[in-house]
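Good morning, colleagues. Please have the sequence and the model in view.

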Amino acid sequence: ITDLTQKVTGESVTQLLPDSGANAHTWEPTPQDIFLLEEADVFIYNGAGMEEWVEDVLDSLGNEELLVIEASKDVAKIDGHGHAHAGVDPHTWSSPKTAKTQLETIGQALMSGFEDKADDYKKNIEKTVTLFEELDKEYETALKDLPNRILVVQHEAYGYLTHDYGLQQIGIEGLVPTSEPDPARMVDIIKLVKEYDVKTIFFEENVSDRVAQTLANETGADTAVLNTLAFKNENNDDLIQMMRNNLQVLVEGLEQ
């Protein structure tokens, strides 16, 4: 969300969620964060149930001029398999297609809220939309003919990506990255990996790979890091480059 907003405005953005691997599902703002919101012009959040604290915090604010933007508002939601997030998968930014939609939602809201800057924002939006459309074509071309279309992941953070490009996501630990699978679930996943000859188990940055590695050891599969795009990587890449990195990891992991 920070990156998309910066692409629209060309200006720095204050990010509330720490960029050090904090769990976005359970994180809550500090009193200092609340103070920042009281002084802010704009507050942008993902939505789709990702930030469970948002409604209560916004209700408590005295900042009546605050422009509030729900970035995922215009994304067609997919099922979260009955998870606590009201049955909706909250990881709405994982695909170039949905990230482009969120960029446009943020951009249109900012153009309406700051008409004096609307022309500059419009140019920035159009430039970035073109980049996402080019990336979308790269994904379509690279993923359409891969023989293995099952994405076994530690954390189900790629539902929109797999939905948009005809892949199947199977999560070891569900929608929350720190949850632990029970033994029966591990047995089921091991059977599935062997049955479909899955060659790569994907796990995410900033979270222990212990479960993914255990599964790989049991099945003979390899492991690879697939970025959730929730935090900056060690190279400080922007969202588009991180998505391009993910595409390379996917191709290498699924073409075996």
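Let me begin with a term: by contact I mean heavy atoms within 4.5 Å of one another. Please also keep in mind that this is a predicted model.

I turn to helix H1, which spans residues 2-9. How many of its eight residues are buried? Seven of the eight are, so the helix is mostly covered, where buried means under 20% relative accessible area. Those residues are Thr2, Asp3, Leu4, Thr5, Lys7, Val8 and Thr9. What covers them? The cover of these buried residues includes strand S1 (42-45), together with helices H4 (96-113), H5 (118-143) and H9 (239-254). Just after H1 comes Gly10, with a positive phi of about 70°.

Next, the sheet. Four strands form an open sheet in the order S4-S3-S5-S6, and their pairing is parallel. Strand S4 (168-171) and strand S6 (222-225) are at the edges; each has a single partner strand, and therefore one side of each is left without a neighbour in the sheet. On average, neighbouring strands here are turned by 35° against each other, with direction ignored.

Within this sheet, strand S3 (residues 150-153) runs parallel to strand S5 (residues 200-203), and two bridges join them. Val153 is found opposite Phe202 in S5.

Finally, which helix packs on the sheet? Helix H7, residues 183-195, does so, touching S3, S4 and S5. The direction of H7 makes about 145° with that of S4.

Thank you for your attention.

How values were computed:
Residues numbered from 1 in each chain as written. Predicted model: local features only at pLDDT ≥ 70, side-chain atom pairs only at ≥ 80, totals over all residues. Heavy atoms only, no water. Pairing = 2+ DSSP bridges. Axes fitted to C-alpha atoms, helices over the stretch in contact; angles between N-to-C directions. Buried < 20%, exposed > 50% of the residue type's maximum accessible area, 1.4 Å probe, protein only.
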